[in-house]
Amino acid sequence: MSTAAVVNPGPGTVYTETIVYSAPEAYVNDAPYQMAIVQLDSGRRITGRIDGERAAIGDRVAFTEFRQSVPFFRKQG
Amino acid sequence: MRPVAVVGIGKTNFGAFPDRDLRSLAVEAGQKALENAHVQPSQIEAFYLGNFAGPSFVGQNHLAPYVAAGMDITGVPATRFEAACASSGAAFYQAVQSVAAGISDLVLVTGVEKMTSQTTPKVTEILAAAGDISTEGRAGATFPALFAMIARRHMYQYGTTREMLAAVAVKNHANGAKNPAAHMRKVITMEQALAGKPIADPLTVYDCSLISDGAAAVVLAPLERASEFTDKPVRILGIAQTSDYLALDEKDDITTLRAVQTSSEKAYKMAGVQPSDIQFAELHDCFTIAEILAIEDLGFVKKGEGGPYSLAGCTCLNGARPINTSGGLKSKGHPVGATGVGQICDIAVQIRGEAGERQVKRNTLGLAQNLGGSGATSVVTILSAA
């Protein structure tokens with residue numbers, strides 16, 4: 001398991017994002033859902049999900065929690 | 001290194017064929033290529049198979065000797081190559097090396113995928129394993145989602161629009177409608193393309209290639225022997241394969257497919273040509289944005305200009321540089337393991353002057369670009385009249 005799954009990644013900025021409508025078998029019940037690559041303030045990028053309000057490129061997002069090792073973020077402000 | 005030529009080509013139709021299994025498709029394409037080269041199975045010295053996920057799609061492994069024996073080819077090295085959607089591009093690359101090095105004279109390369117026996121969510125899951133499942137896959141990324149995130153960033157950085165993406169789909173469907181072997185022979189309008197069902201925003205169903213069954217094959221020989229097999233040999237002028245990170249979050253700039261850049265730079269150098277010399281091309285349009293990226297990363301236009309270039313019609317059949325005259329993965333179909341060798345066949349058909357109403361006039365120098373995953377493998381081949 002990578003360190004990304006156990007260390008709080010902290011806040012960041014949305015580098016890119018999409019809303020997935022056609023999901024893989026394991027996530028069919030989640031769809032539609034927003035996923036994003038977040039440019040973390042700590043320097044690197046991480047792939048995760050966005051909860052709540054839709055976030056666009058450049059929006060600030062805060063880390064909320066890991067769910068089954070997937071980092072979830074929420075739009076700030 | 002000695003020059004290598006394509007001396008025989010063969011393809012099945014691409015489509016959804018519930019009554020056909022993987023082996024019968026691969027055997028049909030292989031036998032067509034052998035017949036096209038006037039070669040007997042016993043003359044083949046090595047067999048290269050490109051296949052992404054036969055074990056997942058149809059449950060069969062050890063596929064290369066299984067397919068080869070279906071053509072009565074035994075007693076030779078028969079090996080499967082896996083490089084996601086560049087699987088048969090990678091098999092072709094290795095086969096060219098073998099002939100160029102003088103290890104083999106006559107070799108058969110076949111690509112095959114049998115995808116439509118699974119449901120779309122299952123196919124989506126199998127394809128997602130071409131990305132990094134420990135990060136992207138776990139977060140719920142599909143392949144459309146990865147390319148949607150690339151498209152979003154490309155739009156943000158360069159002003160690429162939905163219309164520019166849709167122009168790629170409209171053009172490829174127009175070409176595919178003229179290709180009797182294509183999966184979806186249907187002309188679509190810009191309005192239809194823009195109003196498609198959303199798959200992964202901003203990509204709609206019209207931005208995504210098809211889930212297809214199909215196979216393609218080529219026979220390779222040293223150029224000096226090519227006239228024994230065909231009066232229309234197609235020379236492999238340059239070829240290169242390179243790699244990159246799988247995960248998008250490990251790449252510095254996701255709007256550039258670095259492996260496409262590096263493989264094309266090497267292929268151009270080997271061929272002794274410039275990007276501007278390429279007259280026509282078959283590009284890996286697994287998604288509309290992927291064709292736009294390829295146009296840029298192959299050096300046909302500057303970064304960021306691929307969208308406007310497509311919208312202006314420069315890549316149409318009668319444009320300055322026709323791209324995907326076969327219909328591309330979008331309309332011809334994308335049986336992933338067959339795609340790389342299928343592109344070589346499509347370029348060869350143009351160089352031989354056998355493309356019918358899709359025939360381009362400037363047909364002596366073509367390029368095929370086969371992409372694996374979201375850019376972790378790229379194979380670029382430059383082909384010319386011999």
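Me: Leaving aside its neighbours within four places in sequence, with which residues is B:Ala177 in contact?

Reply: With such neighbours set aside, the contacts of B:Ala177 are B:Arg185, B:Lys186 and B:Val187; a contact requires the C-beta atoms of two residues, placed from the backbone, to lie within 7 Å. The model is predicted: local features need pLDDT of at least 70 and side-chain atom pairs count only at pLDDT 80 or more, while totals for chains, interfaces and linings use all residues. Residues are numbered from 1 along each chain as its sequence is written, and chains are lettered from A and ligands numbered from 1 in the order in which they are written.

Me: Where is B:Ala177 found, and why is it called partly exposed?

Reply: B:Ala177 belongs to the loop between H8 and helix H9 (190–194) of chain B, where helices (H or I, at least four residues) and strands (E, at least two) are DSSP runs numbered from the N terminus. It has 16 other C-beta atoms within 10 Å. A residue is buried at 20 or more such atoms within 10 Å, exposed at 12 or fewer, and partly exposed in between, with C-beta atoms placed from the backbone; the count of 16 therefore makes B:Ala177 partly exposed. Although 10 residues separate B:Ala177 and B:Val187 in sequence, their C-alpha atoms are 6.1 Å apart in space.

Me: What makes H8(B) roughly perpendicular to H11(B)?

Reply: Helix H8 (residues 162–176) and helix H11 (residues 288–297) of chain B pack at about 95°, with axes 8 Å apart. The axes are lines fitted to C-alpha atoms, for helices over the stretch in contact, and angles run from 0 to 180 degrees between N-to-C directions. Angles under 35 degrees are roughly parallel, over 145 roughly antiparallel, 65 to 115 roughly perpendicular, and the rest oblique; H8(B) is therefore roughly perpendicular to H11(B). B:Met164, B:Leu165, B:Val168 and B:Ala169 of H8(B) make the contact with B:Thr288, B:Ile289, B:Glu291 and B:Ile292 of H11(B). These residues comprise six nonpolar, one polar and one charged, where Ala, Val, Leu, Ile, Met, Phe, Trp, Tyr, Cys and Pro count as nonpolar, Asp, Glu, Lys and Arg as charged, and the others, Gly among them, as polar.

Me: How do you know that H4(B) and H14(B) are roughly perpendicular to each other?

Reply: Helix H4 (residues 87–100) and helix H14 (residues 339–351) of chain B pack at about 65°, with axes 5 Å apart, and are therefore roughly perpendicular. B:Ser87, B:Ser88, B:Gly89 and B:Phe92 in H4(B) meet B:Thr339, B:Gly340, B:Val341 and B:Ile344 in H14(B). That contact has three nonpolar, five polar and no charged residues.

Me: How do you know that H1(B) is mostly covered?

Reply: Of the 15 residues of H1(B), 11 are buried, among them B:Leu22, B:Arg23 and B:Glu28. Helix H1 (residues 22–36) of chain B reaches 21 Å from first C-alpha to last, close to the 21 Å expected at 1.5 Å a residue; the expected span is 1.5 Å times one less than the number of residues.

Me: Which residues have the most contacts inside the largest nonpolar core?

Reply: They are B:Val109, B:Val218, B:Val219 and B:Leu220, in a core of 151 residues, a core being a set of buried Ala, Val, Leu, Ile, Met, Phe, Trp, Tyr and Cys residues joined through C-beta atoms within 7 Å. Helix H7 (residues 143–158) of chain B gives the most to this core, nine residues. H7(B) is mostly covered, with 13 of its 16 residues buried.
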